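Have the structure open while you read.

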Amino acid sequence: MRSPEITRRQALAGALLTLLPAAAGCSDDSSGSGGKITLQFQSLAWQEESVAANKELVKEWNAAHPDVQVKYIQGSWDSVHDQLLTSFEGGEAPDIIHDASDDLADFAYGGYLADLTPLLSARLKSDIPARSWETTTFGEGVYGVPFLQEPRVIIANAKWLKSSGVRIPTPDKPWSWEEFRSVTKELSGDGKFGVAWPLKEPVSVTLNLGLSAGGELFHRGEDGKVTVRFTAGDQVVPGTIQAQINTDHSSPTTTLGSGGSDTLPGFFGNKYAMVPLGFSYRQQIVQQAPKGFEWMVLPAPAGSAGLAQGVSPQTLSVSEDCEHKKEAMEFVEFMLQPRNMVRLAKGDWMLPTATEALADPALHTEKDGWATGTALAAYLRPAPAQSVRGYPEWKDKIATPAFQEYYSGAIDTAELEKRLVKDGNLVLARYQR
Amino acid sequence: MRTSKPARAGQYVALLCYLIFIAFPFAWLISTAFKPPRELATLHPTWIPKDPTLQNFRDAFDQQPLLHAALNSLIAAVSAALIAVVIATPMAYVMARHRSKLSTAATGWVVVSQAFPFVLIIIPLFLILKNLYLINSLPGLIMVYVVWSLPFALWMLVGYVRAVPPELEEAAAVDGASKLRTLVSVTAPLLAPGLVATALFAFITAWNEFFFALVLLKTPEKQTLPVVLTHFLGAEGVADLGPLAAAAFLATIPSLVIFAIIQKRITGGMLAGAVKS
């Protein structure tokens, strides 16, 4: 009989042998036999038209490039961060990765994504505005190509607004935040509300719209460290929303815990005149609006910084482990040719980042509010928290509960500021030692 | 002890309320699956769709390979359930019949292991499976499901084994039956409801599992039903609600059918009258 000691040693050795090659990051996924390269492209497209557009583009690429074949892999927005992290750690990540820019910081700083700087074509670099590139630039490198984005807009009940006689805002003459507040007050009463704020995720809404009033919240010092400051500009958007809910009662408290889709029944049922939503929600509205329901897309209110607002564009990145980065980037270039970017944008009901694609007449029609959305593209900026390390913890532990309590009226502005700044800086400091 | 009529009525009312409570999500899922898009977002939703449609089912099948995914789920869940029960049964018998500090510690460890979050174990598991060339394969996923459900299956079966009176085995031994004969002819039949219940637990755990399948299976032809269902979801929780409800409704059917077939085996009083008191 063998001794248990030997068995344990063998088991340990076996486990180590099993783990070691993986730790070395060996991967032969992207190499095919006979000189043919096969690249894996994990797409998060989910709307029917968008999936179809992605698959068609892969098919077109494969037909034109017999030596560099791309395999389409359907990914899922649900748990994408954990799924990618596991794949990176295991050396089995897809070669070409679809994600959102606010998810990239950890992967970029962790060395999982390839720096695309030397691989980007002059066309792509110049076609996508610098402000979009900022969303995927971490340190000295560029770790993704931002290609689709969506501004937050106000979807309004057209009949209600027109019959009320209020001034209808346009991208050229938007409402100010004060005007927006007075309009919603005017539209409210008899159990109806001027606006319903879906605030299940209050932090990104507040921060991104806050840019319009000059709010930045996160300030990077000369030493590169980020601190939180709650300036007058930062107070405008949360102050307006809080007043609408608790002072004017022009916004219901019931939607504080709601997601965007949850507000649609009340919107279609003429309970709310307006709902601030992401631009892509138009697809759901087209599908679900009752017959005869007239709706329109309005720009979000403007502040001292005009119509500026923060966005986290969807991105295409290349894995650092990919053995054929040049070919992977060529495929990304193909996907993001202006004509193809328009197809992807239409499929996802979003805006392309690139200037040439954005100029396509198909994206400037009045129908379904496309024209309003494209007019806002010039004002989109990187989301304030884009490159702040420790932001997810700050958001979950500090900002989300603080904003939820503030909007429900449980705490005042001074307490909100104390939590965001004092408690928040303690969290961020841990990431910046 | 006899229960008074009001008390009995109260029990039935409580039971009815509970049944309604647990049936509500499923009933709403069915209702949603048959509603056209315009009925999905109304201020006054109805239980019975005003204009019922099968379009959501057609869209669900058009958009995603549901049948193939269901087949993958079925293979993974049935295999995991059978393997888990086969492995857990002799272990449970030993732990139940030969109590020692080791078996007590093992039982405690089994319970504690259930508290481990998935994200804690997924990376080492991924690395091990990768080196066994079992990433993106159903056998790899089945292996994970077996390991994942084994502790709880073991814990369940220990309880079932302990419920079988040792006197029956002793009586068989007195009658001259060998240990193996006793196990096969006396203990195993009495354990049948427990085995079925345990297998059902392992099946449902594997059938519903999402995260391991998401991480381990990459290509569409290998993905299981819960992973494919998330393809109807976009960023920030936006959902293609109609097809999602239709697909989710279809996904619940196998569990229900299997449970309906074997529930008598679980609830049947096979031990009734086995031992004279």
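1. Which residue forms a salt bridge with A:Arg419? The partner is A:Glu415, and the closest N and O atoms of the pair sit 3.1 Å apart. By salt bridge I mean a side-chain nitrogen of Lys or Arg within 4 Å of a carboxyl oxygen of Asp or Glu.

2. Before going further, the housekeeping. This is a predicted model, where local features need pLDDT of at least 70, side-chain atom pairs count only at pLDDT 80 or more, and totals for chains, interfaces and linings use all residues. Residues are numbered from 1 along each chain as its sequence is written, chains are lettered from A and ligands numbered from 1 in the order in which they are written, and side-chain values use heavy atoms, with hydrogens and water left out.

3. Back to that pair: A:Arg419 and A:Glu415 both belong to helix H18 (residues 413-431) of chain A, four residues apart, or about one turn of the helix. Helices here are DSSP runs (H or I, at least four residues), as are strands (E, at least two), numbered from the N terminus. A:Arg419 counts as buried at 18% relative accessibility, while A:Glu415 counts as partly exposed at 25%. The cut-offs are under 20% relative accessible area for buried, over 50% for exposed, and partly exposed in between (1.4 Å probe, protein chains only).

4. A:Arg123 is partly exposed, with a relative accessible area of 28%, whereas A:Asp127 is buried at 8%.

5. A:Arg181 lies in helix H8 (residues 177-187) of chain A and A:Asp248 in the loop between helix H10 (232-246) and helix H11 (264-268), 67 residues apart. The arginine, A:Arg181, is partly exposed at 31% relative accessible area; A:Asp248 counts as buried at 12%.

6. How many salt bridges turn up over all chains? A search of the whole structure gives 16.

7. Finally, a covered helix: H13 (residues 325-335) of chain A has eight of its eleven residues buried. Among them are A:Phe331, A:Val332, A:Phe334 and A:Met335, but also the acidic A:Glu327 and A:Glu333.
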